[in-house]
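My entries follow the structure.

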Amino acid sequence: MSEAAGVIHDIGYQRYSGPRLGRGYVFSSMYVHGLRTAFGLGRSAKAKIFPWFVVGVVFLTGTILAAVRAQIPDAGVTYTAFVDMMAWLVVFFVAVVAPELVSRDLRAGVLPLYFSRPLRRTDYAYAKLAALATAVWLLLGAPQVVMFLVAAFSADNMSQFWTEVGDVGPGLFYAALWAALFAGIGLLVASLTGKRAFAAGGIVAVFLMTTPIVGVMSVMPSQTMNELALLFSPSSLVFGVGMWLFGTADGDTDSIGPFGPLYLAVTIGVVAGCVALLQARYRKVASS
Amino acid sequence: MSDVTLSGVSRWYGNVVAVNDVTMTLGPGVTGLLGPNGAGKTTVLHMMAGFLAPSRGTVTIDGEPTWRNPSVYRRLGLVSEREAVHDFLTAKEFLLVSARLHRLPDPEAAAQRALELVEMTSAQDRRIGTYSKGMRQRTRVAAALVHDPQVLLLDEPFNGMDPRQRLHMMELLHRLGTAGRTILFSSHILEEVEQVSGTVQVIVAGRLAASGDYRAIRRLMSNRPHVFAIHSTDDRRLAVALMGQASVTGVEIERTGLTVRAGDYGSFTRALPKIALAEGIRVRQLLPSDESLESVFSYLVEA
Amino acid sequence: MTALSDLTVSVQPGIVGLVGANGAGKSTLIKILLGLLAPTSGRVRVLDLDPTVDAAAVRARVGYMPEHESLSPDLSAAEFVTHLGRVSGLPRTAARERASEALRHVGLYEERYRQIGGYSTGMKQRVKLAQALVHDPDLLLLDEPTNGLDPAGRDAMLALIHRIGNEFGISVVVCSHLLGEVERICDSLVAIDGGRLLRSDNISAMTTVTDVLAVEVSEGIDQLAARLDLLGLPSRRDGRLLLVPLEDDATYDRILSAVAELDLPLHRLDQRRHRVAELFATREVTHV
Amino acid sequence: MVPQTIAWITARGLFGRRRFLLLIPLPLLVVGLAVLSRAFGVAPENWAQPVLVGLGLAVVLPVIALIVGTGVLGSEIDDGTIVHILTKPLPRWQIVLPKLVVATAVTTVTVSISLYVAGVLAHSVRLGLGLALAGLVGSLAYSALFLALSLVTRRPVLLGLVYVLVWEGLLGNFVSGTRVLSIQQYVLTIADKVAPTGLLQSKVSLPVAIIMSAVFAVGFTLLAIDRLRSFSVAGETS
């Protein structure tokens, strides 16, 4: 037997000489963290309840619709119609998640820790926005994929399959429109206050307040005004764009008249405006 | 002259006992309230200030209970730990509001007097929102003093103050204490407590661990030898001479000097000068190493 | 408004204390060092980099511990510090390992998997320090690191900072209002007042001995003062202390024999030192 | 002098916060929609219900009352400034009443003016006055409720939203029993009985509306006073 040997290993503080990654990596770290936060991952069980409840409801609806479509192909349940059905759930989802993403950071004073790191102020806002938009898109998109798979496997021939593909593509794009618009508005409202209850109330209020405008505008005796009515509330705005781009189940596009391009332009404008205001907001927060 | 009395006071939250059977009386003068984080200091202060009901026992100011009894605020001023003030007011406005709500006969004069006391007159017309932490703190102290209360309770009053503001606040508390006000303040910075007042109340884990002058408290800890650091012209010979003393329980020789442990404080401190003179050794430094409030406090917390 | 004017300081590695009146410009200075604010005029170099140009590079190598609460209450310390490590550019595994190491060095063990919301003040301060250390900075900026800590917690925090500065080889700048603390752990000190430099020097140079002896007896202080007067040693009373000018070495013996003859308990005999506090004791200094 | 001082500082606090800006767009929306409908000659039967009831009485009134009612006391508790007012030798009703008066006044002014204008445009001055009076009663009842809510829970805004949106908004439409405890229904009834136009549909009787409004206002005020008397500041912060 050899002589017993012993070593004391150095477990004191060690310097780090590995790589320090750049802007893209830092951005993606923030983005991934935001996405995980949206679904309560890495957080307490309590933080998971609401997002996963919504996910559950959305998937349940998607599955039921998929079953209905398999049985009655002409039920008129399209991918875009599914998204429209989920409108209020998405509003609530954004109202709960957006404050978790940004109001919490404001309230807890975490921002100085971020801004004293290589992360840029603008990237902070972009990463949070991307995370929220992705979360909403996944929420609306994943059930569509389920619906698509059910339809694809029950397809009788290739042409039916390709029709499905042609349908789900616009559906996912339509979901992305919803995601961008709702994430933009929700995050902007939430970034204004550190109190999550106010932020959530504010987001719901935006949708609540704007809905009656659409109602009043659509009973106006001017056809042009009726056709423009849907511009005045976020949910009806996206609905209008979808109607123009993909038509509705019953082929009725009368309610927006010839203003389809305007609807798309306003949607893009609102998203861009939200992003610009969000940037301005964080420039102000960081310098104060 | 007013007294604050706690008798048999406990406070619990569910099964968590924050304050456990505390009995104390505060008289005129400045008293420091000490204790580790979570020991129950703030709970005690809040009960004294009538912001919390004792679960058991009574808290009184001059015999009047403080809970559900707003009239005690005629005699009581409170500076709580949270530094919230109405940001949108100026200090002057804030003080005027305080004076009016106290129904003082001449609110203007009272507000002015309080602002002068904390030396805030130069900034009194600026919005409080623009103040530094120390200025806010002084404004809050002024508001607590506007009705010239007999009792002043302060929770961490030095928090956030810069060195000059600390010095000034210490002077102010000292002055008020000498003028016969009953003042209790909590603090973690023991050097400062030591400078303002020698009288302390020490709370450890919800219990009142010691009260009184901290030097007297130290003397009462007879099981702990008193430690002195000595530096002299001939440390080694002095060590030998000291070993002969019955009051000395241990001597260590180090490169920087001697560390002496004395069991009997009185006889050692009387004997040391005589021994040194007799041996012809010049003592250049004698320092009590564990007489500071800091060491008294740590002994109490450990015990 | 000028927060800082005409400040010229160069700081050597080691532990530097930064002290100054409230509103003296400390936070402005920190923001300039982190590249979050550009100086109106003048030049700044941090770690041989210019923060106005290479802000991200500077921030990748600087650790910042803010004064105020700045932690996400809903995350565990391990999760939070790992995330911030990644935002500083550390690859995923390195971030995880170094977060665990940093938390160990600040003295957090099993607790690191619990949510930060339930932590005590002392534990939160430790997490704040750990997040500043996670990316192995070359310079640490600590703003009031002992804020809210009880005496035992302060001792532990100061010992840790001392170790970081001396064993880890990281330069440390400590902002503090507690001059006793600064004397205890700092090698040098920069004092600013009203945005201007008050003094910048080594601590040892600011705490030199004076030619005054402090004498304390547990009883009979008046008797001793009278006796010293008779012996031709005029003394001044300062609280419980008698201050006696130190003329030559014989002064020691004369004091000792006075005490011995009166049979008084001698509590303290010590040559007085200058204190950093003297910088601020004078009220003449004008400040804005 | 004490009530004026409390009222003054409460009002300053209310208007000093940015949250106050939220009060402006809502009434403007009501008036704007009414003006628009009138300008284009839409029949009142088509727009009165969504604008006056759907937006005005069911959303603008409770939401503004919520913002203001929690703003006069809840936000002071939230940020800790309440301590300054509580450490004064004042009976607690002297603190609660001025705050309630300020909250009611601000809400009434903001809501009733816009409701009056919209009511006049929809039908007649009488409907306008009826709506304005209903707004006043509603402001008082809601303010008392939200003021008391600020003292019994740490999350008054959330609970208030739940009351307004879920209890009054959702359940009120489906479960008729909840209407007896719904301020929205009292307000609707009062407006309808003062100006019976057929544009509004009241679902509870006038005596019920009047008595229950009074019960809400007085009951919650008394509750608030009692809660403030035993106001506890959370214990150890660290």
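The entries below cover confidence, the contact between two chains, and some annotated segments.

**Ground rules.** I am working from a predicted model, in which local features need pLDDT of at least 70 and side-chain atom pairs count only at pLDDT 80 or more, while totals for chains, interfaces and linings use all residues. Residues are numbered from 1 along each chain as its sequence is written, chains are lettered from A and ligands numbered from 1 in the order in which they are written, and side-chain values use heavy atoms, with hydrogens and water left out.

**Confidence.** I looked up pLDDT, the predictor's confidence in each residue, from 0 to 100. Chain A has a mean of 88, with 95% of its residues at 70 or more. Chain C averages 87, and 95% of its residues score at least 70. Within chain C, helix 3 is highest at 96 and helix 11 (residues 278–281) lowest at 77. I noted that residues 283–288 of chain C stay under 50. For the complex, the predictor gives an ipTM of 0.86 and a pTM of 0.87.

**Chain C against chain A.** I counted 44 residues from chain C and 34 residues from chain A in the contact (heavy atoms within 4.5 Å). The buried area, meaning the accessible area (1.4 Å probe) that two parts lose on being put together, summed over both, is about 3600 Å², and carbon and sulfur atoms give 51% of that.

I then asked how many salt bridges there are between chain C and chain A. There are five, a salt bridge being a side-chain nitrogen of Lys or Arg within 4 Å of a carboxyl oxygen of Asp or Glu. One salt bridge joins the side chains of Asp74(C) and Arg43(A), at 2.6 Å, N to O. On the side of chain C that touches chain A, the elements giving two or more residues are helix 2 (55–60), strand 2 (62–65), helix 3 (77–87), helix 4 (92–105) and helix 5 (121–133) of chain C.

**Annotated segments.** For chain A, an unreviewed UniProt entry lists residues including 129–151 and 228–247 under "transmembrane region"; such annotations may be inferred rather than shown by experiment. I find residues 129–151 of chain A 100% helix, with end C-alpha atoms 33 Å apart. Residues 228–247 of chain A are 70% helix and 0% strand, with end C-alpha atoms 17 Å apart.

Terms used: Helix = DSSP H or I, 4+ residues; strand = E, 2+ residues; numbered from the N terminus.
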